[in-house]
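I opened my notebook to keep track of what I look up in this structure.

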Amino acid sequence: QVTATSTAAPVRTARSDTENILVLGADPRPGDKSWRTDTIMIVAVDYQKDVPGGRPQVGVISVPRDLWVNIPGYGNGRINQADYIGEGRKPNGGGPALVSEILNNTLGIRTTHYVRIRQEGLVELVDALGGVTVTLDCPLNELTPNGRGGYNHFNLPAGENFLDGAAAKKFATFRYASNDFSRASRQQQLIWAIRERALQIDAIPIIPQLWQALSKTFTTDLSLLDVIRFARLGSQLDADQVHGVVFSTRALANTVMSGGAQVLVIRSRTALMAEVDSLFAGKPIAEQGRQGSGRCPN
């Protein structure tokens, strides 16, 4: 008697099956001679063209800015230094190329394109869309610098919250009362909120105008046609087709270096690579960042 056996479908990963775009978020101040990259994401697009009946899917991997890595030609340092270091060696693309090399060495992921966005670009984009809505299961209580050495409170209640550009920047940027993992989750939800708002106002036809209006707030090696192509793909995806990974404390550990710097080091490479490869089984980004401060009302 012959028993039929089912063969599990191979796992689709950002290491082998996707087109990968590097997204960098920086906040250089006027007069700054250097900068740090506060946000580092890999957006992995799996077109599933070689999968019978496959549905396209997108994954977002958030890379902590304090991840301690080897920076080729420099030595060990936080990954958020690499964009500036690479740009100093080769302006107009050398920074993203160096970050991409580090991500390939550390995570086994190659990126082929990049977008570098200034934080003010996020503010202007959200305002151009007329604001966005994010959802919290628990209230968010954060702190924002007041410019005088102290902090202001930034609080959002549980439920739906409508954010203008300035509030969206606070939602996605600050982690004084939380941590990098919480902030990365909020950033992923904000991406989905921007997508939802863009669909609501039918923004694809005005992408050329947005490109022109925001051109001073970003740099990229993508063409306008590439951006329109990705926007059209994104508009066709359901929430369960857009996944996100924020690395856990099983994979990474907080460590204080001998000089006092607080960084994240790889605790378990096995766990780290398992989380990389779990991308398309991960939580939809629409559900990320909803925990707020983790203190829910009874």
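**Starting at I61.** I looked up the contacts of I61, where contact means heavy atoms within 4.5 Å. Leaving out residues up to four places away in sequence, I61 touches A14, I40, M41, I42, I109, Q188, V245, F247 and L279.

**Ground rules.** I noted that this is a predicted model, where local features need pLDDT of at least 70 and side-chain atom pairs count only at pLDDT 80 or more, while totals for chains, interfaces and linings use all residues. Residues are numbered from 1 along each chain as its sequence is written, and side-chain values use heavy atoms, with hydrogens and water left out.

**The cores.** I61 turned up again in the largest nonpolar core, which has 33 residues. Such a core is a set of buried Ala, Val, Leu, Ile, Met, Phe, Trp, Tyr and Cys residues joined through side-chain atoms within 4.5 Å. Buried means under 20% relative accessible area, exposed over 50%, and partly exposed in between, with a 1.4 Å probe and protein chains only. I61, V63, I79, L103, L107 and F247 have the most contacts inside this core. β1 (19-26), β2 (37-46), β4 (68-71), α1 (82-89), α2 (94-107) and α8 (269-277) each supply at least two of its residues. Helices (H or I, at least four residues) and strands (E, at least two) are DSSP runs, numbered from the N terminus. α2 gives the most to this core, five residues. Apart from it I found another core, of 18 residues, with L156, A168, F171 and A172 among them.

**Helix α2.** How many of the 14 residues of α2 are buried? Ten are, so α2 is largely enclosed by the rest of the structure. I listed them as G94, G95, P96, L98, V99, S100, I102, L103, T106 and L107. Just after α2, G108 has a positive phi of about 75 degrees.

**The sheet.** Next I traced an open sheet of six strands, in the order β11-β6-β1-β2-β3-β12, with mixed pairing. Two strands pair if DSSP finds at least two bridges between them. β11 (218-220) and β12 (242-246) stand at the edges with a single partner strand each, so one side of each has no neighbour in the sheet. Strand β6 (residues 113-118) runs antiparallel to β11, and three bridges join them. I117 stands opposite F218 in β11.

**R186 in α5.** R186 lies in helix α5. Is R186 buried or exposed? At 1% relative accessibility, R186 counts as buried. Beyond its neighbours within four places in sequence, R186 is in contact with L140, E142, K170, F171, F174, S178 and G289.

**Positive phi.** Most residues other than glycine have a negative phi. I noted N92, not a glycine, with a positive phi near 65 degrees. N92 sits in the loop between α1 and α2 and counts as exposed at 73% relative accessibility. D202, not a glycine either, has a positive phi of about 55 degrees. D202 is in the loop between α5 and α6 and is exposed, at 51% relative accessibility.
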